[in-house]
Amino acid sequence: MARRVHQPREDAEFDFILGMSRVPVLAYFVGTWPKAIEPCRAMDLVVDGIADAYADRLTAVRTDITRCPAATERYGITGAASYVLLKEGEAVAHGTGPLTAAEARELLDGHL
């Protein structure tokens, strides 16, 4: 089975994934410091389910803020967990804080 959620190790890999995707990209940004771990784990669970449910219509990218600082800056990410929905490379939605599964479905259904 193909990996449903990509995890780039650096900005160049993040950009490569975006460039290769033929469908919208849900990039969510996570951190590893103590106060970020719990909300980021919550976001992991939601995005794992969303990535399976929208597999043919969405690319999901788990982006570590410290490993991809240029992407983090480019999309104005100021904290973890945050997300940005990209269509053809352009941000069409963004937010801070973990999404619930219902919020994620509503967001995606409005843009896909």
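Start at Ala-81, in the loop between helix H3 and strand E4. Helices (H or I, at least four residues) and strands (E, at least two) are DSSP runs, numbered from the N terminus. A cis peptide bond joins Ala-80 and Ala-81, with omega about 0 degrees.

Before moving on, note the ground rules: this is a predicted model, in which local features need pLDDT of at least 70 and side-chain atom pairs count only at pLDDT 80 or more, while totals for chains, interfaces and linings use all residues. Residues are numbered from 1 along each chain as its sequence is written, and side-chain values use heavy atoms, with hydrogens and water left out.

**Next stop: Glu-88**

Select Glu-88, in the loop between E4 and strand E5 (90–96). Its phi is positive, about 55 degrees, although Glu-88 is not a glycine. Most residues other than glycine have a negative phi, and most peptide bonds are trans. Is Glu-88 buried or exposed? Glu-88 is exposed, at 84% relative accessible area. The cut-offs: buried is under 20% relative accessible area, exposed is over 50%, and partly exposed is in between (1.4 Å probe, protein chains only).

**Into strand E5**

Move to Ala-91, in strand E5. Ala-91 is partly exposed, with a relative accessible area of 45%. Show its contacts (heavy atoms within 4.5 Å). Leaving out residues up to four places away in sequence, Ala-91 touches Val-84, Leu-85 and Leu-86. Now draw a C-alpha distance from Ala-91 to Val-25: 9.3 Å, for two residues 66 apart along the chain.

**The cores**

Pick Leu-85. Not counting residues up to four places away in sequence, Leu-85 touches partners including Pro-24, Val-25, Leu-58, Leu-107 and His-111. Leu-85 is among the residues with the most contacts inside the largest nonpolar core, which has 22 residues. A nonpolar core is a set of buried Ala, Val, Leu, Ile, Met, Phe, Trp, Tyr and Cys residues joined through side-chain atoms within 4.5 Å. Also highlight Tyr-28, Met-43, Val-47, Ile-50, Leu-58 and Tyr-83, which share that top group. Strand E2 (25–30), H2, strand E4 (82–87) and helix H4 (101–111) each give two or more residues to this core. Which element gives the most? H2 does, with seven residues.

**The salt bridges**

Side chains of opposite charge can pair when their charged atoms come close.

- Select Arg-74 and Asp-15: their side chains meet at 3.0 Å, N to O. Arg-74 lies in helix H3 (residues 69–74) and Asp-15 in helix H1 (residues 11–20), so this pair ties together parts 59 residues apart in sequence.
- Select Asp-52 and Arg-4: the N to O distance is 3.2 Å. Asp-52 is in helix H2 (residues 34–53) and Arg-4 in the segment before strand E1 (5–6), 48 residues apart. Asp-52 is partly exposed at 48%, and Arg-4 is partly exposed at 35%.
- Select Glu-13 and Arg-9: the closest N and O atoms are 3.6 Å apart. Glu-13 is buried, at 19%, whereas Arg-9 is exposed, at 56%.

How values were computed
A salt bridge is a side-chain nitrogen of Lys or Arg within 4 Å of a carboxyl oxygen of Asp or Glu.
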